[in-house]
Amino acid sequence: MNYAQVKKLSLQEPKTLLQRMVKLQEEVGELAQEVLIDQKASGSQHKSEGPDGIKGECVDIILVALSIYFSQGGNEVDFEKHAEQKCLKWEKHQLKQVDM
């Protein structure tokens, strides 16, 4: 992923923090819809998968979340550091579950 491009676009984006947060929720809703379609959930059988599907909606969520991150002064180095810390925490949590 080209973080520099995402950061540039994020900083050029006129949406406020609140508007970006609402956009993120919208994208999460679109992902939920794709999952319901994929799982053939009740009420979703008549709907068809969107052009981007689950993977595309995940990318949309990541991009909007990064837009929020960069709009709040985050940078690529700090993002990588935070992501690594979060992954280590996630891994530690999984190891605890295995030990139970």
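Contact here means heavy atoms within 4.5 Å. Helices (H or I, at least four residues) are DSSP runs, numbered from the N terminus. You are looking at a predicted model, where local features need pLDDT of at least 70, side-chain atom pairs count only at pLDDT 80 or more, and totals for chains, interfaces and linings use all residues. Residues are numbered from 1 along each chain as its sequence is written, and side-chain values use heavy atoms, with hydrogens and water left out.

**Stop one: helix α1**

Select residues 3–12, which form α1. Now pick out Y3, V6 and S10, the buried residues of this helix (buried is under 20% relative accessible area, exposed over 50%, partly exposed in between, with a 1.4 Å probe and protein chains only). They lie on the same side of α1, because they cover an arc of only 65° around the axis; the arc is that of the directions from the helix axis to the C-beta atoms.

Show α2 (17–38), α3 (53–71) and α4 (76–99) next: they are among what covers those buried residues of α1. Then turn to the other side of α1, where K8, L11 and Q12 are exposed.

Zoom in on the start of α1: a side-chain oxygen of N2 comes within 3.1 Å of the backbone nitrogen of A4.

**Stop two: the cysteines**

How many disulfides does a search of the whole structure find? It finds 0, with a disulfide taken as a pair of cysteine sulfur atoms within 2.5 Å. Colour them by accessibility and C58 is partly exposed at 31%, while C87 is partly exposed at 42%.

Key:
Helix = DSSP H or I, 4+ residues; strand = E, 2+ residues; numbered from the N terminus. Polar contact = N/O pair within 3.5 Å; in protein donor to acceptor, adjacent residues only side chain to side chain.
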